[in-house]
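This report is for a reader new to the structure. It goes through the links between side chains, the core, the surface and the backbone in turn.

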Amino acid sequence: QVQLVESGGGLVQAGGSLRLSCAASITIFSINNMGWYRQAPGKQRELVATFTRGGSTAYADSVKGRFTISRDNAKNTVYLQMNSLKPEDTAVYYCNADLSGGLGLRSLVYWGQGTQVTVSS
């Protein structure tokens, strides 16, 4: 199985920063469709930030300008830099890799176990 392992979550004050890491068990050099999702209590899992099939980045409106997705292909790792955190950013954050060319086919979509981010006011 493809394994994705998130780390870097924790408890921070509003206005603070965290950097999440997603280490992959496979090379990610040629994988464009990788990103971060989150699931807040009582809510559906939603897209936070992602690399697209064309190599661009896309962000949820709620995090645009505050979060930045990046990658280190040599380390097979994707990062999410989160600045100016708000209490509404509190959620479990998940790393995602879509190996189906952006089609979202379940058999080719992989998820990490999630890492908790809690932002206090």
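## Salt bridges

A salt bridge is a side-chain nitrogen of Lys or Arg within 4 Å of a carboxyl oxygen of Asp or Glu. The structure holds three of them. It is a predicted model, in which local features need pLDDT of at least 70 and side-chain atom pairs count only at pLDDT 80 or more, while totals for chains, interfaces and linings use all residues. Residues are numbered from 1 along each chain as its sequence is written, and side-chain values use heavy atoms, with hydrogens and water left out.

Arg38, Glu46, Arg66 and Asp89 are linked in a network of salt bridges. Strands are named here as DSSP runs (E, at least two residues; helices are H or I, at least four), numbered from the N terminus. Arg38 meets Glu46 at 3.0 Å, N to O, and its salt bridge with Asp89 is also given as 3.0 Å, N to O. The Asp89 pair links distant parts of the chain, with Asp89 in the loop between β8 and β9 and Arg38 in strand β4, 51 residues apart. Asp89 forms a further salt bridge with Arg66 (2.8 Å, N to O). In that pair the two residues are 23 apart, Arg66 being in the loop between β6 (57-59) and β7.

Which of these residues are buried? Buried means under 20% relative accessible area, exposed over 50%, and partly exposed in between (1.4 Å probe, protein chains only). Arg38 is buried at 7% and Asp89 is buried at 1%. Both Asp89 and Arg66 are buried, whereas Glu46 is partly exposed at 36%.

## Disulfide

A disulfide is a covalent bond between the sulfur atoms of two cysteines. Here it is counted as a pair of cysteine sulfur atoms within 2.5 Å, and the structure holds one. Cys22 is joined to Cys95, with an S to S distance of 2.0 Å. Because Cys22 lies in strand β3 and Cys95 in strand β9, the pair ties together parts that are 73 residues apart in sequence. The torsion about the S-S bond is about -80°, so this disulfide is left-handed. Both cysteines are buried.

## Nonpolar core

A nonpolar core is a set of buried Ala, Val, Leu, Ile, Met, Phe, Trp, Tyr and Cys residues joined through side-chain atoms within 4.5 Å. The largest one has 29 residues, of which Trp36, Leu80, Met82 and Tyr93 touch the most other members. Two or more residues come from each of β3 (18-24), β4 (34-39), β5 (46-51), β7 (67-72), β8 (77-82), β9 (91-98) and β11 (115-120).

Contact means heavy atoms within 4.5 Å. Beyond its neighbours within four places in sequence, Met82 is in contact with residues including Leu18, Leu20, Phe67, Tyr93 and Val117.

## Nonpolar surface patch

Patches are made of residues with over 30% relative accessible area and no salt bridge; like charges are joined within 9 Å, and nonpolar side chains (Val, Leu, Ile, Met, Phe, Trp, Tyr) within 5 Å. Accessible areas come from the Shrake-Rupley method with a 1.4 Å probe, and for residues only the protein chains shown count as cover. Leu99, Leu103, Leu105 and Leu108 make a nonpolar patch of about 330 Å². Leu108 is found in the loop between β9 and β10 (109-111) and is partly exposed, at 31%.

## Positive phi

Asn76 has a positive phi of about 50° although it is not a glycine. Its place is in the loop between β7 and β8, and it counts as buried at 19%. Ser84, another residue other than glycine, has a positive phi near 50°. Ser84 is in the loop between β8 and β9 and is partly exposed, at 42%.
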